[in-house]
Amino acid sequence: MTNPLLMILDRMTEARVTVVGDVMLDRYWYGGVERISPEAPVPVVAVGRAEERPGGAANVAQNIAGLGARCRLIGLCGDDAAADSLATLLERSGVGHRLIRDPLVNTTVKLRVVSRNQQLIRIDFETQATADGCRNLVAAYREGLGDAGAVVVSDYGKGGLNHVRDIVAFGRKAGLPVVVDPKGDDYRPYHGATLITPNRKEFEQVAGRFRDEDELERKARGLIGELALDALLVTRREEGMTLFERDGARTHVPARAHEVYDVTGAGDTVIAMVGAALAVRASLLQAIHIANAAAGIVVGHLGAVAVPRDELAAALALEEGS
Ligand SMILES: Nc1ncnc2c1ncn2[C@@H]1O[C@H](COP(=O)(O)OP(=O)(O)OP(=O)(O)O)[C@@H](O)[C@H]1O
Ligand SMILES: [Mg+2]
């Protein structure tokens, strides 16, 4: 085997990655619509099938475990049935988890009602994290870091990462790469991270709109300087992704998808692959090539799913390597 990306994928089975962030449960109810409700002008769905999947940081974790890597997930949830489901799903996917159950909050659940392949409504159950919950999260992270090779922070803006500044700093002090999938309009708490991976819209929310590649680069370099990052990756949907490194390098990787079915969770796959690759000391450039290939695969699957390892290996076998 001489393809360097395949060699890294092979080494990734030895990776140990800690994922910390906003965990969720994605719930799907499928059924037919036969009539309109007599109570209101809305369709009545007769639910015939239900499905549940790990979402948010839990989806990031299942992507890492799906590679055969060891993944430990730390997140806040309620003390409820949704948390039980999430725990069971994570165990089934081989994710080691420390779900911190806070009786004062609900587990974040995103329920989609789907009829004939069409989503009729999405119903979100969420409550803001409590101060105690946030403190317990950081404590569990510090205790559990152990022999991790990298830290992935998956921020969905649910408030659980109140102390993200400490999380980043602690990981970096331990000598680990810390990669962050950011949210919101203030990135200062991510100061000192190895890499952040905003999508285009998120990037523009903090750095302002860019009209061309030069303007994107100027703004990206501004953010790298301000936040003392090693690098910044802007994911750009069908355009692919662009990596800016502190030393001045800029690399654009075009999107790789053959067919696009559902882009949900592509960002989760990107951060998961980058974290697992850096954990086995791949370069940032190698990491984003693997991440891009993996993202191109998951957009061909319905819902947020873990990238199948054999499909990723097949895709990487076609790459030049770097
Ligand atoms: N429509 C698409 N066609 C081809 N590739 C895509 C498409 N959408 C996403 N991708 C791939 O997935 C990567 C990440 O997608 P995107 O920029 O949408 O991230 P995101 O908005 O964070 O995703 P998420 O919905 O999970 O939050 C892209 O860089 C690209 O490689
Ligand atoms: Mg995203």
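# Close-up views of a predicted model

**View 1. The shell around ligand 1.** Of the 21 residues around ligand 1, the nearest are Asn199, Thr235, Ala266, Gly267 and Ala295. Two elements each give two or more residues to this shell: α8 (266-279) and α9 (284-298). The largest share comes from α8, with 4 residues. By class, the shell holds 9 nonpolar, 8 polar and 4 charged residues. The model is predicted, and the totals for linings use all residues.

View 2. Helix α8 lies across β1 (16-21), β8 (150-154), β9 (178-181), β10 (195-196) and β11. Its direction makes an angle of about 165° with β8. 14 of the 14 residues of α8 are buried, so the rest of the structure largely encloses this helix. The length of α8 can be checked against its residue count: at 1.5 Å a residue, 14 residues should span 20 Å, and the end C-alpha atoms are 20 Å apart, which agrees. Arginine 281 follows α8 and has a positive phi, near 65°.

**View 3. Helix α9, the other helix of the ligand shell.** Helix α9 also gives two or more residues to the shell around ligand 1. The 15 residues of α9 reach 21 Å from first C-alpha to last, close to the 21 Å expected at 1.5 Å a residue. Of these 15 residues, 14 are buried, so α9 is largely enclosed by the rest of the structure.

**View 4. The open sheet of 9 strands.** The strand order is β5-β4-β1-β8-β9-β10-β11-β12-β13, with mixed pairing. β5 (96-102) and β13 stand at the edges; each has a single partner strand, so one side of each lacks a neighbour in the sheet.

View 5. Strand β11 (residues 231-235) pairs with β12 in the antiparallel sense over 5 bridges. Alanine 231 stands opposite glutamate 245 in β12. Leucine 232 faces phenylalanine 244, also in β12. The hairpin has 5 residues between its strands, and arginine 237 in the turn has a positive phi of about 45°. Thr235, one of the residues nearest to ligand 1, belongs to β11 (residues 231-235).

View 6. Strand β12 (residues 241-245) is mostly covered, with 4 of its 5 residues buried. It runs antiparallel to β13 (residues 250-253), and 4 bridges join the two. Phenylalanine 244 has arginine 250 as its bridge partner in β13. This hairpin has 4 residues between its strands; glycine 248 in the turn has a positive phi of about 110°.

**View 7. The open sheet of 4 strands.** Here the order is β3-β2-β6-β7, and the pairing is mixed. β3 (43-56) and β7 (118-125) are the edge strands, each with a single partner, so one side of each is left without a neighbour in the sheet. On average, neighbouring strands of this sheet are turned by 20° against each other, direction ignored. Strand β6 (residues 109-115) and β7 pair in the antiparallel sense over 7 bridges. Valine 109 has phenylalanine 125 as its bridge partner in β7.

View 8. Helix α2 (residues 57-65) lies across β2 (23-36) and β3. Helix α3 (residues 81-92) lies across β2, β3 and β6. α2 runs at about 60° to β3, and α3 runs at about 60° to β3.

Conventions
Residues are numbered from 1 along each chain as its sequence is written. Chains are lettered from A and ligands numbered from 1 in the order in which they are written. This is a predicted model: local features need pLDDT of at least 70, side-chain atom pairs count only at pLDDT 80 or more; totals for chains, interfaces and linings use all residues. A residue is near a molecule or strand if its C-beta atom, placed from the backbone, lies within 6 Å of it. Ala, Val, Leu, Ile, Met, Phe, Trp, Tyr, Cys and Pro count as nonpolar, Asp, Glu, Lys and Arg as charged, and the others, Gly among them, as polar. The expected span of a helix is 1.5 Å times one less than its number of residues. A residue is buried if 20 or more other C-beta atoms lie within 10 Å of its own, exposed if 12 or fewer, and partly exposed in between; C-beta atoms are placed from the backbone. Two strands pair if DSSP finds at least two bridges between them. Axes are lines fitted to C-alpha atoms, for helices over the stretch in contact, and angles run from 0 to 180 degrees between N-to-C directions. Two residues are in contact if their C-beta atoms, placed from the backbone, lie within 7 Å.
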